[in-house]
Amino acid sequence: MRILIVGGGTGGTIVANNLARRLAGEIRHGGVRITMLSASDRHMYQPGLLYVAFGQMMPDELYRKQQSLLESSIELHIDPVEEFLLDQKRVKTAGGHTHEYDILVIATGSRIVPEEIPGLAEGGETFYSEAGAVKMFKALRAFQEGTVAVVVGVPHKCPIAPIEVTFALHDYFTSRGIRDKVEIKYHYPIGRIHTIENVAKWALPEFERMGIRYETLFNLKEVDAKKQIVYSEEGTETDYDLLVAIPPHRGMEVIERQALGTGGWIPTDRRQLKMEGHDDVYVVGDTTNLPVSKTGSAAHFEAEVIAQNIASEVKIGAPVCEYDGKVYCFIETGYDSATYAMFNYENPPELKAPNKAMHWFKTSYNKMYWTSVRGLL
Amino acid sequence: MSQETTIDARNTFCPGPLMELITYMKQANVGDTLELLSTDAGTASDVPEWARKVGHEMLSSENRDGVWHLRIRKAK
């Protein structure tokens, strides 16, 4: 049995490690082989980028060697896939190699596409890449007074990020003693300040307490970087001195190029996590078109289901469990407090009051992630 | 040739039905119709409000067995 995992992010790595442990005997006896194809030899802890943007983490803290995160029985190739030949059960890589499989896991993830909004790349700061986060920190540090506008592209990874970065901006300027010289304006695509109703209900009085202005039903249309104005699809506009943007995302180019899914998102069964029409292909994390958050947390819980089902397919010829839509998101509510949202397909999140202990738990998790992605936590 | 696409956003809390609709609307061509399925009670008012503000055309809205079916045509 040849199991091929394409993508070495959170979802792909947890699937691989979880499988390697569940199928250790089969691998030892030569009946199973697990191969991972990754575009990078480094693995990034992406939630750490928010801290880099505020000078609270250094970029080198975000990385580990991908090989160091994998069980030794997993064969890793740093060679991204260029072509998926699903009918032939094989893929071709950028390096010119062909890999055949019996079961394929697609975990290619997502990418930011600020260029979809004219002017955004030139006019906006973002923390969704290492270079962007460092640049944003320097822009924040140089900022002395004026208006900071927070705007949000759709779709985007980490749906809680717009709220988190806004609270962090408030605390950052407060800590520098210039909060009274900075106006923070928050803009959100739908008719309340967060898509999760309970988060919106909780955050609204916090915004009012912190003096954060907000505008809802604001979808990014265009940025005029020279005039420092953002225009919305809804016909409104907002001016800024510093623009902080959550950029829109798409799935990876290879998924779009191969017409595996519109926007790069692969049509996926929401419970079995198999690609629609392909019983031998699983999809995990951001790569799916599922109506769940694009977060490492969703990828983690999906990966556990996929690994359990692939292992049971090997052992008894059938999957044994289903994904229930589970997501657990930490919510940093400033420099020293946090809460969390946990939900699934059936149960909405019930928010607890933010506290310091949860913030320190999140701070610890920033290190524990490396245990988590190894499939140990 | 315009297309009709169904978005199954039933039992979803994040990113939620309207955010799903906005995602699919960005991917659609002018003239395409999107049918949004949602179990969120707020969808029946949230979606028409957004469509009206942006300038898309609400074609229909009905609740069948607890599921909202909203059809919207991309107009721009």
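Which residues of strand 4 of chain B form the covered face, and which the uncovered one? In this predicted model, the covered face of strand 4 (residues 67-73) consists of B:Trp68, B:Leu70 and B:Ile72, while B:Val67, B:His69, B:Arg71 and B:Arg73 make up the uncovered face. Strands (E, at least two residues) and helices (H or I, at least four) are DSSP runs numbered from the N terminus.

Residues are numbered from 1 along each chain as its sequence is written, and chains are lettered from A and ligands numbered from 1 in the order in which they are written. As the model is predicted, local features need pLDDT of at least 70 and side-chain atom pairs count only at pLDDT 80 or more, whereas totals for chains, interfaces and linings use all residues.

**Chain B**

Chain B contains two helices and four strands, arranged along the sequence in the pattern β-α-β-α-β-β. Two strands are said to pair if DSSP finds at least two bridges between them. Strand 4 of chain B is joined to strand 2 (residues 33-38) in antiparallel fashion by six bridges, and B:Leu36 has B:Leu70 as its bridge partner. Strand 4 also pairs with strand 3 (residues 57-64) in the antiparallel sense, over seven bridges; here B:Glu62 is partnered by B:His69. Strands 3 and 4 of chain B form a hairpin with two residues between them, and B:Asp65 in the turn has a positive phi of about 50°.

The radius of gyration is taken over C-alpha atoms, and the globule rule is 2.2 Å times the number of residues to the power 0.38. For 76 residues a compact globule would have a value near 11 Å, and chain B agrees because its own value is 11 Å. Its C-alpha atoms fill a box of roughly 30 × 20 × 20 Å along the principal axes. A residue is buried if 20 or more other C-beta atoms lie within 10 Å of its own, exposed if 12 or fewer, and partly exposed in between, with C-beta atoms placed from the backbone. By this rule, 42% of the 76 residues in chain B are buried.

**Chain A**

The domain assignment, whose bounds come from an automatic or database source, gives domain 1 (2-109 + 252-327) and domain 2 (119-248) of chain A. The contact between them takes 11 residues from domain 1 and 16 residues from domain 2, where two residues are in contact if their C-beta atoms, placed from the backbone, lie within 7 Å. The domain centres, taken over C-alpha atoms, are separated by 32 Å.

| Helix of chain A | Residues | Length | Span, first to last C-alpha | Expected span |
|---|---|---|---|---|
| Helix 7 | 161-175 | 15 residues | 20 Å | 21 Å |
| Helix 11 | 356-373 | 18 residues | 25 Å | 26 Å |

Just after helix 7, A:Gly177 takes a positive phi of about 75°.

In helix 11, A:His359, A:Tyr369 and A:Val373 are buried. Their cover includes helix 1 (10-22) and strand 21 (327-332) of chain A. A kink of about 50° is centred on A:Lys367, the bend being the angle between axes fitted to the seven residues ending at a residue and the seven starting there. Just after helix 11, A:Gly375 has a positive phi of about 85°.

Definitions and conventions: Expected span 1.5 Å × (residues − 1).
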